[in-house]
Amino acid sequence: MFKRRLYLKALLGGVAALGTGCTMGTPNRNAVSVNATRIDVLETLTRANDYWQASHQPTSWAFWDYAAYHTGNMEAYAVTGNETYRQYSTAWAEHNGWSGARSQDKAAWKYQYGETDDFVLFGDWQICFQTYVDLYLLDPARDRRKIARALEVFEHQMRTPNVDYWWWADGLYMVMPAMTKLYKVTGDKRYLDKLHLYFVWADQLMFDQEAGLYYRDAKYVYPKHKASNGGKDFWARGDGWVFAGLAKVLADLPKDHAAYALVLDRYRRMARALKPAQQSAGYWTRSILDPNHAPGPESSGTAFFTYGYLWGINHGILEHDEYTPVVARSWAFLSRTALAASGKFGYVQPIGERAIPGQRVDQESTAPFGVGAFLLAAAEMSRFVGA
């Protein structure tokens, strides 16, 4: 562990030296101290999370944008033990009745895009279950009320013959980890078997075998849709959802399950594909393979990639020496450019589904899901650098 810390410090020092050569108008604020420690990392995590919680009450809805923040907040709690963080997510869960979409009419439940209460089977309403399960497992009394709705929803969903629930890349982050977490709680193998079926369908729809990356959904598959350079257009945050989601699934998926080999293969292939697309300043552009399509820094995709890489390095799934330079550069960008001294986490592309030419993304651009992604990366970085 000591050797790992020294190696990271040396790399961060190298990144600092590169800071003066930032390209594409990136602010020259990505230099980092060569003495980065767990204390340093946790300071940045705390600064970002305290700023967010001081500025936002936990009375937001349970839809994906805020629910994604809470997946990061629970990781922040895991590495800090700060009870304020757990209380914040608990208040949010109570506000939402430990539920996602609230329709009780199962015959009317839908899973195409929708923000109303009848879209119970739509994954953007199911990501909240990840945090509910986490809070349930932290509860000594194991109050079943906290996961009752999650169990009800998936019990219905798994009884259907449908396999096309995850028709957009984001859904792989929203739902797959919820299903592996519920498997750990219940021991019910159906959660894994259905996850496998749903993932195979989604993978065949969106995974590009040549590029090793995922299209956001069927609308963006090449050559029907192209980037500005005429090539394939892979949206950074969309692939960020997938890469981070695969890491979360691998954390809980038994190695002897039939889904494991496919999930692991896609995770490693994405790691290889993303590495050469990283910009010298540490971030990934919104269109991963066409930096000029929507040039400049973007932090939410970068944070999800950083989390995914760090998780793999920390668990011996990704090769340490090959991928540590990647996270050294991306962490420098996230912690010194995207995160302001105030604690505001910026450079988050607004809600959308693609890289939009001409869209402004700067230090003032923030969003709950972007903060959540940063908290995931910071928590995993704190584990990487050690005590």
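Q: Hi! How many aromatic pairs does a search of the whole structure find?
A: Hello! The search finds 37 aromatic pairs. Keep in mind that this is a predicted model.

Q: Nice. Take F63 and F122: how are their rings arranged?
A: The two ring centres are 6.3 Å apart and the planes meet at 55 degrees, so F63 and F122 make a tilted pair.

Q: And where in the chain do F63 and F122 sit?
A: In distant parts of it. F63 belongs to the loop between α2 and α3, and F122 to the loop between α4 and α5, with 59 residues separating them.

Q: Are F63 and F122 buried or exposed?
A: Both F63 and F122 are buried. For F122 the relative accessibility is 0%, which is why it counts as buried.

Q: What about F122 and W167, how do those rings lie?
A: Their centres are 6.1 Å apart and their planes are at 10 degrees, so F122 and W167 are stacked. The cut-off for that label is planes under 30 degrees apart.

Q: Which parts of the chain does the pair of F122 and W167 tie together?
A: F122 is in the loop between α4 and α5, while W167 is in the loop between α6 and α7, so the pair joins parts that lie 45 residues apart in sequence.

Q: Is W167 buried or exposed, and why?
A: W167 counts as buried because its relative accessibility is 16%. The cut-off for buried is under 20%.

Q: Which residues are in the cluster that ring pairs link?
A: The cluster holds W61, F63, Y113, F122, W125, W167 and W168.

Q: Let's switch to charges over rings. What lies over the face of Y136?
A: That would be R142, at 5.6 Å from the ring centre of Y136.

Q: And over the face of Y323?
A: There you'll find K275, at 5.8 Å from the ring centre of Y323.

Q: Okay, cavities next. How many of 30 Å³ or more turn up in the whole structure?
A: Two cavities of that volume are found.

Q: What volume does the largest cavity have, and which residues line it?
A: Its volume is about 40 Å³. The lining of this largest cavity is made of A48, Y51, W52, G343, K344, F345, T366 and V371.

Q: Which element gives the most to the lining of the largest cavity?
A: Helix α2, residues 38–55, does, with three residues.

Q: How do the residues of that lining divide by type?
A: For the largest cavity there are five nonpolar, two polar and one charged.

Q: And the second largest cavity, how much space lies in it and what lines it?
A: About 30 Å³ of space lies in the second largest cavity. R216, Y220, H225, D233, F234, W235, E353 and R354 form its lining. By type, the lining of the second largest cavity has three nonpolar residues, one polar and four charged.

Q: Now some backbone geometry. Which residues does a cis peptide bond join?
A: Y222 and P223, with omega at about 5 degrees. P223 is placed in the loop between β2 and α9.

Q: What is phi of W98?
A: Phi of W98 is near 55 degrees, which is a positive value in a residue other than glycine. W98 is found in the loop between α4 and α5. It counts as buried, because its relative accessibility is 1%.

Q: And phi of Y347?
A: Near 60 degrees, again a positive value in a residue other than glycine. The loop between α12 and α13 is where Y347 sits, and Y347 is buried, with a relative accessible area of 7%.

Q: One more side chain: what does Q278 reach?
A: The side chain of Q278 reaches the backbone oxygen of G282 at 3.0 Å. It also reaches the backbone oxygen of V326 at 3.0 Å.

Q: Where is Q278, and is it buried or exposed?
A: Q278 lies in the loop between α10 and α11. It is buried, with a relative accessible area of 10%.

Q: Last one. Where does Y307 lie, and how far apart are Y307 and Q112?
A: Y307 is part of helix α11, and it is buried at a relative accessible area of 5%. Y307 and Q112 are 195 residues apart in sequence and 28 Å apart in space, C-alpha to C-alpha.

Conventions
Residues numbered from 1 in each chain as written. Predicted model: local features only at pLDDT ≥ 70, side-chain atom pairs only at ≥ 80, totals over all residues. Heavy atoms only, no water. 1 Å grid on protein atoms, 1.4 Å probe; cavity = no way out; pocket = protein on both sides within 12 Å on 5 of 7 lines; lining within 4 Å. Points joined across faces, edges and corners; volume = space filled by probe spheres on them. Helix = DSSP H or I, 4+ residues; strand = E, 2+ residues; numbered from the N terminus. Nonpolar A, V, L, I, M, F, W, Y, C, P; charged D, E, K, R; others polar. Phe/Tyr/Trp six-rings, centres within 6.5 Å; stacked < 30°, edge-to-face > 60°. Buried < 20%, exposed > 50% of the residue type's maximum accessible area, 1.4 Å probe, protein only. Lys NZ or Arg CZ within 6 Å of the ring centre and 35° of its normal. Polar contact = N/O pair within 3.5 Å; in protein donor to acceptor, adjacent residues only side chain to side chain.
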